[in-house]
Amino acid sequence: MNSSFPATPAPPTNASTFTFSSAHLIPAALVLVATYNFFRGRGKQSAGSGKPIPGPRALPLLGNLLDWPSEHQVTSMQDWAERYGPITKLSIFGKNILFLSSTATITELFVKQSSTFSDRPQLVFSQELCGMDVMHPMTQYGPDFREQRKFMKELLAPEVQRTHEGLLAEEGRRLLRATFERPKDAARYLRRFSTSFALRMVYGLPALEIDDPDVLLAEEMMAICESAIAGGWAVDFIPALKRLPSWIPFQRRAKYFREKITEMMSKPWDAVKSQVMDGTAVDSFCSINMQKFVDGTSKHTETLIKATAAAIYGAGADTAACASHNFILAMLLHPVVQARAQEELDRVLGRDRLARISDKAQLPFVMNVVWEVFRWAPPAPVAVPHRSRADVEFDGYVIPKDTMLLASLYSMSRDPAVYTSAEEFNPDRFAGDKPERLPHHTFGLGPRRCPGADVAVNELFLQAAYILSCFTIKPAQDEAGADIIPVPKFGGKMVRFPEDFPFVIEPRYPGVERLFMSS
Ligand code: HEM
């Protein structure tokens, strides 16, 4: 009966990497470029700039190369926030990187000065070498960005969400049935829920199984995107390295990533295209948008829609799966919270039906559990990197043009000015006379805020309500019969999954299966 979470799929390792985590292997060429940059003084702040931005001391030539947190970015950012305040500066081979860690600073830059801080940095590895420049999370803040947002709005805006409810409910029932029949695989079914939901919403594919090639390809693709964007690739800091020959390991890796990304963008897209042609396509983001360019819309628009489709499931499936894993962990560690949520579900819904999205207002405690899961363990603890478009004066500092900005959404969740006893899992913080602020920041701030935020909240709400109506999550036991209470540990670069932990999931009462077996 014990279940446990599989680790996040790792990107393929058919070639050794060339990242800053293996900095000792960087060849002499790299040092030469560094020397060149150093003497050109590219790492300095702009001429006549304000007070120096605090941060770890930079070494000659290397700058802060050795301080770069290729793993556990969140922990480094928390440490720096304590030592240097809300803005910490690193400089690597002439590139300025700012780590932001307070609600006030992130809001000021990403919301109030959004026209300057909503671009993405030029990441040579992911954008140029892997071909991700057209994917929405990497597009620059300009016409292509706005056009893709328009396509997405038609799918993801709150007013069109009801159309996804049928799909969510169907995937939810599949989750309950599979968990009932094979409780030890519950964690894998949670992942299937979000991947299958995202792929069906975007491409109108039939419901997918755990080991379906489309699911496996999508999971590999997500791991590839994470590695490409957050891998700390040397070529992102020294663009001249992109001219190195194709047999160099990072070039081989980029080639493999590019081929997989192209396959993932084209395979389901081409399948939908032929269904549209022969009139068998079901309504989906792709089939609906394809009709628009049948009559001669440009190839560029087709590429934008195709890349938007890939970005929606790429950005949405893993983060949502991570949130549901965090939910299970939170319920395992907090049985009293779990029992209160179950009591509310029984009181409001009875034991005759499962929740609907329209029940959210009647289930305030369940909703507060959902928000507290997002706050306690933000799935994307550091926002996708932003870039400054111009020199900007802020708080006595000058932030130079082309600075990369990494915002810690995790630190916002731990901000003592906003949340009391922030480490505690306490859904009641959002209730009572003086409720604390709901953690909308978990989805980022300003124009680059996650376009799938409302879908993600509905997805976790329905999962939480379905699971707690039908099952109880309990600790597994060791050989001596003692409960195993896991100490939460998290890993991953962009999406921070909890590490593998054992748990037991059991039906709440005899006959509960009639709620989900028949449909
Ligand atoms: C628990 C679930 C989710 C979390 C925590 C989350 C969080 C985030 C965050 C923090 C960002 C970066 C914001 C920034 O750069 O400042 C982002 C971007 C994005 N998210 Fe989500 N997300 C989730 C689910 C989804 C879903 C379900 C979808 C689609 C259906 C989605 C689509 C996207 C896209 C396309 C972007 C790129 C936006 C851009 O670059 O402008 N996300 N998300």
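Hi everyone, let me begin at the ligand: one of its oxygen atoms is 2.7 Å from an N or O atom in the side chain of Arg120. That is a polar contact, meaning a pair of N or O atoms within 3.5 Å; within protein, one must be able to donate a hydrogen and the other to accept it, and residues adjacent in sequence count only if both atoms are side-chain atoms.

Before I go on, a word on what you are looking at. This is a predicted model, in which local features need pLDDT of at least 70 and side-chain atom pairs count only at pLDDT 80 or more, while totals for chains, interfaces and linings use all residues. Residues are numbered from 1 along each chain as its sequence is written, and side-chain values use heavy atoms, with hydrogens and water left out.

Arg448 has a polar side-chain atom 2.9 Å from a ligand oxygen, and for His136 the corresponding distance is 3.3 Å. Which elements give two or more residues to the shell around the ligand? They are helix H6 (143-156) and helix H13 (299-333), and H13 gives the most, with 6 residues. Helices here are DSSP runs (H or I, at least four residues), as are strands (E, at least two), numbered from the N terminus. In total, 28 residues surround the ligand, with Arg120, Arg149, His386, Arg448 and Cys450 the closest; a residue counts as near if one of its heavy atoms lies within 4 Å.

UniProt, in an unreviewed entry, places the feature "binding site" at Cys450; UniProt positions are given in the numbering used here, feature names are shortened, and annotations may be inferred rather than shown by experiment. You will find Cys450 in the loop between helix H16 (409-413) and helix H17 (453-470).

Now the aromatics. A pair of rings is described by the distance of the centres and the angle of the planes. Rings of Phe, Tyr and Trp (its six-membered ring) pair if their centres lie within 6.5 Å, and planes under 30 degrees apart are stacked, over 60 edge-to-face, the rest tilted. By this rule there are 14 aromatic pairs. One of them is Phe125 with Phe257, edge-to-face at 6.1 Å centre to centre and 85° between the planes. This pair links distant parts of the chain, since Phe125 is in helix H5 (residues 124-129) and Phe257 in helix H11 (residues 249-277), 132 residues apart. Phe125 is buried at 0% relative accessibility, and Phe257 is buried at 0% too. Another edge-to-face pair is Tyr141 and Phe145, with 5.2 Å between centres and 65° between planes. Tyr141 is buried at 17%, and Phe145 is buried at 4%. Trp68, Trp80, Phe99 and Phe237 form one aromatic cluster.

Rings meet charges as well. The charged end of Arg351 sits over the ring of Tyr509, 3.9 Å from its centre, and that of Lys51 sits over Tyr397 at 4.6 Å. The rule asks for NZ of Lys or CZ of Arg within 6 Å of the ring centre and within 35 degrees of the ring normal.

Note on methods:
Buried < 20%, exposed > 50% of the residue type's maximum accessible area, 1.4 Å probe, protein only.
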